[in-house]
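Here is a short briefing on one protein chain.

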Amino acid sequence: MKRIFSIITLLTLVTGIVSAQLDRSTPPSPGPAPEVQIGDYDKFTLPNGLTVIVVENNKVPVVSYSLSLDVTLPAEGNLAGYIELAGSMLRSGTSNRTKAEIDEAVDFIGATLSTGKKGIYASSLTKHSDELLDIMSDILLNPSFPEDELKKQITQYKTGIQANKEEPSVIAQNIAGKLIYGQNDPYGEIVSEETLDNISAEDCRNYYKSYFRPNTAYLVIVGDINAKEAKKQTKKYFGDWEKAAVPQNIFPYPEAKKEPVVAISNKEGANQSTIVVAHEVNLTPGHPDIPRAQVMNSILGGGSFNARLFQNLREDKAYTYGAGSSLNSDERVGSFKASAQVRTSVTDSALTEILDEMKRIRTEPVSDEELQLVKNSITGTFGRALEDPQTVARFALNIERYDLPKDYYETYLQRIAEVTKEDVLNAAQKYLKPENAVILAVGNASDITDKMKAFSPSQKVTQYNYYGNVVEKKAADANVSATGILADYIQPSEAAKN
C-alpha cells in the first residue's frame, strides 16, 4: 500500500513540475517552413516549335499527354460560343475516322481523351500509349468539323442555356462578368441562342487553323515514360504539325468603377438570394504579391471553416450554409469574388457583412492566431497536392509559360511562412475594392430592389436578365384601371365572346 502511495505521490509531483513549465496561454512558436522537393522534369523543343515537358513517374503503368495552347483568345462578338464549340468539335471526326470510330478506338484500349478550345488531354496504360497517340495526333492534325455534329452540339448547348436560366449562380456569373469586363471583352461575352445560330462549321475550322499551332503550344507528358521515349513519340506523332504565325489579341484593361455598381436579377418566387461582391484584380501569375494575397484571401473567405466570411454569415448570423471568397491571378485580368446564398429577408444584411469584412481586413491587422492557422492550412494543402504527379506537371508548365524561377514552387512555402500581419493588411488594401465593386443579388426582385438601394450612393439599382441585358420596366397603360380589369373579368367584352 505504501508503495502505491509513493508512486501516486511521485506522479503528482512530476505532473505539477511539467504543468508549471508549460504556459498554455501562449501558443507554441511555429517551426520553419517545410522543405519541398517538387521533383525534376525534362524539357525539349521540336523543330516546329512545340515545347515538350516530361515528368517521369513510374509508380503505376499509366501515361498522360496534355496539350495546351499559350494564346490570347479573340472576342467572338455575334459568334459567341464558336470557340468553345470548335474545341469540342475536334473530337467529332477526322478525315480518317468518324466520331463513332474515335469513341470505339478510345474505349477499346480503356483510355481517356477529351478536347477543348485550348488543347487536348489523353491518358492510357503505358502499353497502349502508341495507339492513343495515333488517335490523338489524328484528331489534332486532321479534324473534319462535320456539319451534322455541329448541329447536335448547338442543340445541346441551347438545352444547357435553358437549364442555366434556372441557376442563380450562373445568372450572377454572367451579369458580373459583363459588368466588370464589358460586353466587348472576351471575359464579358455571353453565349446566347442567337449567337449559336450564327455559327458555322467554317467558323470553327478557321479558329482551329489560326490558333492550333505548335509554336505556341506545350505538350506535358506525365507518367511511366522517360525523356528518351517521349522524344521518340513526339517526333513521330507531332513532328509533322506545321507551325505558323498566330494572331495576337490585345485588349485594354477594364475601366475601374468610380463607385459601386449595384445590380439585381429577378428569380420570381425565390425564397433565397444569391449575392455577389466582385471586381477585377491586377494580379498576374508569379507576381511577388501572390503569397501575401493568398494568405489574406484565405483569412477573409478562402474555403476554410475558420475564414471570417464563413464564421460571420453562418456561425454568428445563421444567414447561410456557407460563404466564401476567391482571389485569382490571370495573365490578362485577375478577379476577386465573395459570394453566398442567403434568405431573401437578409439579402441586404448579408451583403453589409461581406462589405464590412472586406473593409475590416483592409483597416485592422489580423490576429496572430488567424495568420498561423491559415499558414498551416496552406502548407498542408500544398503538401497533399504534391502527391499527384499532375500537380508537378502543372508547376513545370507554369514555370515555362510564365518564365518563373526554377525554384518558384520549391520555395513557395517559405514565402508563405514569411508573410506578416502587415503584409496581409497591405495586400487587402491593394487587392480588395469594396468601393469599386459590382454588388449583385439574384432573387425575387420585388423583395430585394429596395434593399439593394442602400449600397448605391446614387440609389440606382439596375435589373439585368440572364444575358446581362438591362430589363426595361414597362410603363403602365394610363387607360387601364383596377375597376376596368375587374369589369372585364366579370363581364367579358364582345370581342372575347366572339
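A residue is called buried under 20% relative accessible area, exposed over 50% and partly exposed in between, with a 1.4 Å probe and protein chains only. By that cut-off F395 and Y409 are both buried. The model is predicted: local features need pLDDT of at least 70, side-chain atom pairs count only at pLDDT 80 or more, and totals for chains, interfaces and linings use all residues. Residues are numbered from 1 along each chain as its sequence is written, and side-chain values use heavy atoms, with hydrogens and water left out.

**Aromatic pairs**

- Rings of Phe, Tyr and Trp (its six-membered ring) pair if their centres lie within 6.5 Å; planes under 30 degrees apart are stacked, over 60 edge-to-face, and the rest tilted.
- The count by this rule is 13 aromatic pairs.
- F382 and Y412 are stacked, at 5.8 Å centre to centre and 20 degrees between the planes.
- F382 sits in helix α13 (residues 368-385) and Y412 in helix α15 (residues 412-417), so this pair ties together parts 30 residues apart in sequence.
- Helices (H or I, at least four residues) and strands (E, at least two) are DSSP runs, numbered from the N terminus.
- F382 and Y412 are both buried.
- F395 and Y409 are stacked because their ring centres are 3.8 Å apart and their planes are at 10 degrees.
- F395 belongs to helix α14 (residues 389-401) and Y409 to the loop between α14 and α15, so the pair ties together parts 14 residues apart in sequence.
- Y82, F145, Y207, Y208, Y211 and F212 are linked into a cluster by ring pairs.

**Charges over rings**

- A charge sits over a ring if NZ of Lys or CZ of Arg is within 6 Å of the ring centre and within 35 degrees of the ring normal.
- R332 places its charged end over the ring of Y187, 4.6 Å from the centre.
- R415 has its charged end over the ring of Y408, 4.5 Å from the centre.

**The sheet and its helices**

- Six strands form an open sheet with mixed pairing, in the order β9-β10-β8-β11-β7-β12.
- Two strands pair if DSSP finds at least two bridges between them.
- The edges are β9 (323-328) and β12 (462-463), each pairing on one side only.
- β8 (residues 272-281) and β10 (residues 334-343) are antiparallel, over 10 bridges.
- H279 stands opposite F336 in β10.
- Helix α11 (residues 308-316) lies across β9 and β10, at about 160 degrees to β9.
- Axes are lines fitted to C-alpha atoms, for helices over the stretch in contact (heavy atoms within 4.5 Å); angles run from 0 to 180 degrees between N-to-C directions.
- Helix α12 (residues 347-363) lies across β8, β10 and β11 (438-443), at about 30 degrees to β8.

**S129**

- S129 is in helix α4 (residues 129-141).
- S129 counts as buried, at 5% relative accessibility.
- Beyond neighbours within four places in sequence, S129 contacts V63, Y65, S124 and Q233.

**Positive phi**

- Most residues other than glycine have a negative phi.
- F145 is not a glycine, yet has a positive phi of about 50 degrees.
- F145 lies in the loop between α4 and α5 (147-164) and is buried, with a relative accessible area of 1%.
- D403, also a residue other than glycine, has a positive phi near 55 degrees.
- D403 lies in the loop between α14 and α15 and is exposed, with a relative accessible area of 69%.
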